[in-house]
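Student: I would like a close look at one part of this model. Please keep it brisk.

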Amino acid sequence: PEVRQVMRALDPDVAVDRVRPMSTYVGNGRAQARLSLALMAGFGATALMLAAIGVYGVISYSVGQRTREIGIRMALGANQGQVRNAILMQGLRLIVPSLAAGAAAAWGLSYFIRGLLFETEAADPLTFGAMIALLLVVALAGCYLPARRATAVSPLVAMRTD
């Protein structure tokens, strides 16, 4: 109301109808960028979940195929830690090259999202390092669950399968 009174006092012929704080106009101006970033974050979280499920599925299938071998190893004296580490190493042989290729592609394609970022660089090394670490942890979790399940297999039951 005070702004309208001042505007009427200055020039009664000027219509004042949309008086809002400047923060409202600034917020409305960034609404499209916020929506785009929220969608990208949602798609990223979905991709992370699908990657974890995919790694889990591949390693779980591989462990299922090797049940007899794992049983024989355990019957010959391998402890649970050795079996678990062998399965985790198998997963790492798949994960590390994939992470390297994905990070290189992301670094190269980061140019295309520069317009959506505020107060940060598109190819920020700290962000890339954090995302690689997050992906590595998620992938290792996807490997650890089948590895833990494989160590619970009884050697007698594993050798009787087939």
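Student: In which hand does α3 pass α5?

Tutor: α3 passes α5 in a right-handed crossing. A crossing is right-handed if the near helix is turned clockwise from the far one by less than a right angle, and left-handed if anticlockwise. Helices here are DSSP runs (H or I, at least four residues), numbered from the N terminus.

Some ground rules. This is a predicted model, where local features need pLDDT of at least 70, side-chain atom pairs count only at pLDDT 80 or more, and totals for chains, interfaces and linings use all residues. Residues are numbered from 1 along each chain as its sequence is written, and side-chain values use heavy atoms, with hydrogens and water left out. pLDDT is the predictor's confidence in each residue, from 0 to 100. The protein chain has a mean pLDDT of 84. Confidence is highest in helix α5 (residues 80–109), at a mean of 90.

Back to the pair. α3 and α5 pack at about 135 degrees, with axes 11 Å apart. Axes are lines fitted to C-alpha atoms, for helices over the stretch in contact, and angles run from 0 to 180 degrees between N-to-C directions. α3 and α5 are therefore oblique to each other. For reference, under 35 degrees is roughly parallel, over 145 roughly antiparallel, 65 to 115 roughly perpendicular, and the rest oblique.

Contact means heavy atoms within 4.5 Å. From α3, Val58, Ile59, Ser62 and Val63 take part; from α5, Ile87, Gln90, Gly91 and Leu94. By class, that contact has 5 nonpolar, 3 polar and no charged residues. Ala, Val, Leu, Ile, Met, Phe, Trp, Tyr, Cys and Pro count as nonpolar, Asp, Glu, Lys and Arg as charged, and the others, Gly among them, as polar.

Both helices also meet α6. α3 (residues 31–65) packs against α6 (residues 125–151) at about 30 degrees, with axes 8 Å apart. That makes α3 roughly parallel to α6. Their contact includes Ile59 and Val63 of α3. Its residues divide into 14 nonpolar, 2 polar and 1 charged.

The axes of α5 and α6 come within 9 Å and cross at roughly 150 degrees. α5 and α6 are therefore roughly antiparallel. Ile87 and Gly91 of α5 are among the residues in this contact. The classes here are 20 nonpolar, 3 polar and 1 charged.

Technical notes:
Helices (H or I, at least four residues) and strands (E, at least two) are DSSP runs, numbered from the N terminus.
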